[in-house]
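Biologist: I have not worked with this structure before. Could you take me through some of its parts?

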Amino acid sequence: MSIGSNLAEARRAAGLTVGQLSARTRVREALIHGIERDDFSQCGGDFYARGHVRNIAKVVGLDPEAMVHEYDELHGGVPLPVRAASVFQADTPIKIRESRSPNWTTAMAVALAIVVVFGVVKMMGGSGDDTPAAVVRQASAPAVPPSAASVDALGLQRVPAGKRGEPVLFQVKAVRPAWLDVREAGGRRLFSGMMEEGKTSVWKAKKGVKVTFGDGGAFRVRVNGKNLGTPGPSGQVLSRSYGTSAREPR
């Protein structure tokens, strides 16, 4: 018998409906129906399919490891482990642009030159409508470049949160089925599980959120109304932090 047939027969022998099995395993009914037909295409990959097979087998009374081993034998062996460095380290370093102070020496030199020119014109019979003080006021100091985005201790980008005291509004949309874990900066879990294709969810957190994406290219992210696009490359497990700006109290 196939994996799906064994799981289906064990479920019926345990007196469970698909709905009851879904409630106990937190696996969607549509996925359970597919797995019992040996259709694993909706699981989102071998990593998630192995987890579903293990959970279902445990609830219906089968040996979870034996069922997972049988799945591996039929689908090309055990998948390669994911290194922790690829999960908790940003793929590309974030360049921080240093703020430069205004060049007051240049501004004063320009102002002094204007005063000298005005004095020469005055002596040569110029109209003299403008006073030296007025001319000096017209010399503008160089603009201060905007400060760079703040970065947290792990090197992950923090998005400015707007007005002081407002919570971080984190919105994510799944363009294909993928796993997602969302936690507050304090560690409280807001969500963990599979997101269906086309689904959009929004969470609020006072001090920011820490998010682990099962597939970096499967999501579109907005923070406080700002479109941040895709968090990373397709097929990679990524960890990102989205929090308040450096001006906000921590």
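Modeller: In the hairpin of β6 and β7, two residues lie between the strands, and N224 has a positive phi near 55°. Strands (E, at least two residues) and helices (H or I, at least four) are DSSP runs, numbered from the N terminus. This is a predicted model, in which local features need pLDDT of at least 70 and side-chain atom pairs count only at pLDDT 80 or more, while totals for chains, interfaces and linings use all residues. Residues are numbered from 1 along each chain as its sequence is written, and side-chain values use heavy atoms, with hydrogens and water left out.

Biologist: Over how many bridges do β6 and β7 pair?

Modeller: Strand β6 (residues 219-223) and β7 pair in the antiparallel sense over three bridges; strands pair if DSSP finds at least two bridges between them. V221 has G229 in β7 as its bridge partner.

Biologist: What is the strand order in the open sheet of four strands?

Modeller: The order is β4-β1-β6-β7, with antiparallel pairing. The edges are β4 (200-205) and β7 (226-229), each with a single partner strand, so one side of each has no neighbour in the sheet. Strand β1 (residues 168-174) pairs with β4 over six bridges, and F170 stands opposite W203 in β4.

Biologist: Is D181 buried or exposed?

Modeller: D181 is buried, with a relative accessible area of 5%. Buried means under 20% relative accessible area, exposed over 50%, and partly exposed in between (1.4 Å probe, protein chains only). R183 is partly exposed at 29%, as is R189 at 47%.

Biologist: And what does T212 contact?

Modeller: T212, in strand β5 (residues 208-213), is buried at 16% relative accessibility. Leaving aside neighbours within four places in sequence, T212 is in contact (heavy atoms within 4.5 Å) with W179, L180, D181, V237, L238 and S239.
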